[in-house]
Amino acid sequence: MMALVLVISFGGGANGAENSIGEDRFDTIVLDAGHGGRDLGALGPGGLQEKEVSLALALALEKKLLDRGLKVVMTRREDIYIPLEQRTSIANDARADLFLSIHANASRDSDVDGTETYFLSLKASDEDAQRVADAENLAFETAEERVPVPEDPLFHILGDLIETEHLMESSEFAGMAQTQMGGLEKGSSRGVKQAPFVVLMGVQMPASLLEVGFISNPKEEKKLRSKKHQAKLVEAILVSVDDFGKRYDARRGIR
Ligand SMILES: [Zn+2]
């Protein structure tokens with residue numbers, strides 16, 4: 001029952017209500033640097049920790065977004081542990097227009113590389129996608145919570161809480177982000193996928209989880225460590241946020 005209580009508590013405050021003053025212009029983004037503190041995330045063969053990569057990218061992206069005059073809310077700005085459900089609450093309290101959770105991937109096969117972008121579904125688009133969600137949901141399980149499984153009645157209740165109105169825009173953003181990240185290097189795109197990520201459940205805005213590369217691949221670990229490659233990833237994500245923001249406003253009749 002714990003998971004149910006938590007998910008319902010996500011709803012507090014925001015409920016998708018718009019600011020009563022002015023229009024719902026695209027102006028606020030929540031950046032969620034995956035993992036942190038005792039939750040290291042995936043580990044590279046050279047010792048790079050996913051939590052370091054996700055934070056470096058989130059901080060660099062924050063700077064660029066602020067330069068554009070956008071409001072940015074960070075779920076963490078330092079190496080601390082933040083429970084997954086708290087990340088969701090931070091996003092909803094901010095009444096943001098986009099939630100981006102930044103992660104690095106891992107595989108048992110050290111040859112696997114490339115980027116992929118996710119948006120929420122209770123059913124994973126394939127087995128690999130489910131494995132990624134299982135790994136990313138570990139922080140939730142170690143907090144003695146449990147992630148519901150499809151035959152669990154909780155699953156259906158959770159399903160009702162997923163805001164379908166935001167799925168279209170989440171899917172749109174995921175497509176844009178993946179086009180940009182995948183465009184950095186020929187053959188590096190693993191595409192847009194869907195999976196049941198706890199951190200995306202209950203988020204009352206378009207939301208996407210970015211896997212910026214495989215930390216388990218020695219070559220990619222090296223790239224993820226380099227400021228140069230980090231800057232390229234940030235630029236790619238930035239272009240997709242700009243494009244998404246323009247379409248977001250156009251759909252709402254804002255110029
Ligand atoms: Zn992660």
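These legends go with several close-up views of the chain shown above.

This is a predicted model, in which local features need pLDDT of at least 70, side-chain atom pairs count only at pLDDT 80 or more, and totals for chains, interfaces and linings use all residues. Residues are numbered from 1 along each chain as its sequence is written.

**View 1. The whole chain, to get your bearings.** Look for 9 helices and 6 strands; helices (H or I, at least four residues) and strands (E, at least two) are DSSP runs, numbered from the N terminus. Of the 255 residues in the chain, 45% are buried. Here, a residue is buried if 20 or more other C-beta atoms lie within 10 Å of its own, exposed if 12 or fewer, and partly exposed in between, with C-beta atoms placed from the backbone.

**View 2. Helix α4 and its cover.** In α4 (residues 127-136), the buried residues are A129, V132, A133 and E136. Seen down the axis of α4, these buried residues fall within an arc of 95°, so they line one face of the helix. The arc is that of the directions from the helix axis to the C-beta atoms. An α-helix has 3.6 residues a turn, so residues three or four places apart point the same way. The cover over the buried residues of α4 includes β3 (98-105), β5 (189-195) and β6 (207-214).

**View 3. Strand β6 and its partners.** In β6, 8 of its 8 residues are buried. Strands β3 and β6 run parallel, joined by 6 bridges, while β4 (residues 115-120) pairs with β6 in the antiparallel sense over 3 bridges. Two strands pair if DSSP finds at least two bridges between them. Find L209 in β6: L209 is the bridge partner of S101 and also of Y118.

**View 4. R77 in its loop.** You will find R77 between β2 (71-74) and α3 (84-93). R77 counts as partly exposed because it has 13 C-beta neighbours inside 10 Å. A33 is 44 residues from R77 in sequence, and 8.1 Å from R77 in space, C-alpha to C-alpha.

Terms used: Contact = placed C-beta atoms within 7 Å.
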